Amino acid sequence: MRIVTTLGAASIVMVLAACAPPSAAPEPAQTHVIRPQLETFQVTVPLARATTAQPLPAQFVEEYYRRGRGPMTVVLPSAADGRAMDAGQHLAGWLKDRLIPASVGRAVNAEDVGDGSVEVFFKAYVAVVPECEDWRGTAGHNPDNLPHSNFGCATQRNIGMMLSDPGELLGAPATGAPDTARMVDTMGRYRAGESIGAPPPSTEQTTIQIER
């Protein structure tokens, strides 16, 4: 009986070990990698629009706020006349008012930018997501209990497509220096028991009358 019990316990251990996942199985993030890739976002602006109150498409500007790297670049025609120069300066000032750094230059070749337009571009990261087409692994007989070759791919793909700024996979963007004077003023008013918040706008103030 003692031998049979020992053999039975050993069999149970072997069965449980066979059911356990292998410790060396890679994570889906390692097998289905989301790869950030630097791309150029570009728009062509006719000169007639470049000097208006809304010279750039709103979506183009929003993409810069969300994922832009470096300044926006305004490229004038190689033989830029006074009208093109005015358009470039207007665009640079318009971007500066929206806290977007910009640089203005001329195209090297005449065919790069048309005479009646300017080119505006910036660099940003896009996510290259896995395609989830690796069906080499067997879905049936699997004595090693390894994950399927496509396991976790759909999750990784969805995560990559939802990233607001794929460049943050390479590291968080640099933050600006703190406003020391503002911090000292706020802490002083807090210790004095004063309000540290901004007063509400007059349009949001109202009067409530309570009847007794």
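Predicted model: local features only at pLDDT ≥ 70, side-chain atom pairs only at ≥ 80, totals over all residues.
1. Basis. Local features require pLDDT of at least 70 and side-chain atom pairs pLDDT 80 or more, whereas totals for chains, interfaces and linings use all residues. Residues are numbered from 1 along each chain as its sequence is written, and side-chain values use heavy atoms, leaving out hydrogens and water.

2. Aromatic pairs. The structure holds three such pairs (rings of Phe, Tyr and Trp, the last by its six-membered ring, with centres within 6.5 Å; planes under 30 degrees apart are stacked, over 60 edge-to-face, the rest tilted). The ring centres of Phe41 and Phe122 lie 5.3 Å apart with planes at 10°, so this pair is stacked. It joins strand β1 (residues 35–46) to strand β4 across 81 residues (strands are DSSP runs of E, at least two residues; helices are runs of H or I, at least four; both are numbered from the N terminus).

3. Phe122 and Tyr64. Tyr64 and Phe122 pair edge-to-face, at 5.2 Å centre to centre and 90° between the planes. Tyr64 lies in helix α4 (residues 58–67), 58 residues from Phe122. Both Tyr64 and Phe122 are buried (under 20% relative accessible area; exposed is over 50%, partly exposed in between; 1.4 Å probe, protein chains only). Ring pairs link Phe41, Phe60, Tyr64 and Phe122 into a cluster.

4. Helix α6. In α6 (residues 153–162), the buried residues are Cys153, Gln156 and Gly160. They fall within an arc of 65° seen down the axis, so they line one face of the helix (the arc is taken from the directions from the helix axis to the C-beta atoms). Met161 and Met162, on the other side, are exposed.

5. Positive phi. Leu99, in the loop between α5 (82–97) and β3 (102–106), has a phi near 60°. Cys132, in the loop between β4 and α6, has a positive phi of about 60°.
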